[in-house]
Amino acid sequence: SFTTINDQDNALRLLRNVLLKRRIPSGMLFWGPDGVGKRLVAIELAKAVNCVSSSSDACDVCLSCRKVKSGNHPDIRLVMPARKTRVIDDETIETIMEFASLRGYESLWRVFVLEDADRMTTRAQNRFLKTLEEPPGNSLFILTSSYPRDLLPTIRSRCLGVRFRSLRPQTV
């Protein structure tokens, strides 16, 4: 749950408010330095959005939360840059768009976490922009980035920006 996250009080407060009000945007951009917990918070948010027991956080007990934690949830996708080229190409984005257009298997929300989204090629970003402009159903796209300026301004403008700060020395 969000209680396991350290030093990101502002980001977590924003996310809890989004969950409590049930005003979940189709796109979110988690940005900040490397290694501060952007991916961890994205996975916790995916759990919280699909949790059947709680409305503002993940319970970590229900079947949905356990599946997300183990990486076996059919409605949650984690996308990372390819190993050798370190980019997210338009074929990957096309696959995501195709998967997003389908109804959820088990959950109300389909969640896509694009780690290092700034590594998308320009062509892939342009293709992804169409999905952000007209999101299919209950799809949540969480983009994480240490260099948000490498994303197209149109993508940044269509996402709710969540800033992550550096960790305190005591935490590290």
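1. Buried residues here have under 20% relative accessible area, exposed ones over 50%, and partly exposed ones fall in between (1.4 Å probe, protein chains only). By that scale R168, at 47% relative accessibility, is partly exposed, while D7, at 19%, is buried.

2. The model is predicted: local features need pLDDT of at least 70 and side-chain atom pairs count only at pLDDT 80 or more, whereas totals for chains, interfaces and linings use all residues. Residues are numbered from 1 along each chain as its sequence is written, and side-chain values use heavy atoms, with hydrogens and water left out.

3. The open sheet has 5 strands in the order β2-β3-β4-β1-β5, with parallel pairing. β2 (76-79) and β5 (160-163) each have a single partner strand, so one side of each lacks a neighbour in the sheet. The average twist from one strand to the next is 15°. Strands are DSSP runs of E of at least two residues and helices runs of H or I of at least four, numbered from the N terminus; two strands pair if DSSP finds at least two bridges between them.

4. Strand β1 (residues 27-31) runs parallel to β4 (residues 139-145), joined to it by 5 bridges. W31 is opposite S145 in β4.

5. K38 lies in helix α2 (residues 38-50). Leaving aside neighbours within four places in sequence, its contacts (heavy atoms within 4.5 Å) include W31, S145 and F164. K38 is buried yet has no salt bridge, D34 being the nearest side chain of opposite charge at 4.4 Å.

6. A salt bridge needs a side-chain nitrogen of Lys or Arg within 4 Å of a carboxyl oxygen of Asp or Glu. The whole structure has 12 of them. One joins D7 and R168 at 2.9 Å, N to O; D7 is in the segment before α1 and R168 in the segment after β5, 161 residues apart.

7. R16 and D57 form another salt bridge, with the closest N and O atoms 4.0 Å apart. R16 is in helix α1 and D57 in the loop between α2 and α3 (63-70), so the pair ties together parts 41 residues apart in sequence. R16 is partly exposed at 29%; D57 is buried at 11%.

8. D60 and K47 meet in a salt bridge at 2.5 Å, N to O. D60 is partly exposed at 31% relative accessibility, and K47 is buried at 3%.

Definitions and conventions
Lys and Arg count as positive and Asp and Glu as negative; His and the chain ends are not counted. Axes are lines fitted to C-alpha atoms, for helices over the stretch in contact, and angles run from 0 to 180 degrees between N-to-C directions.
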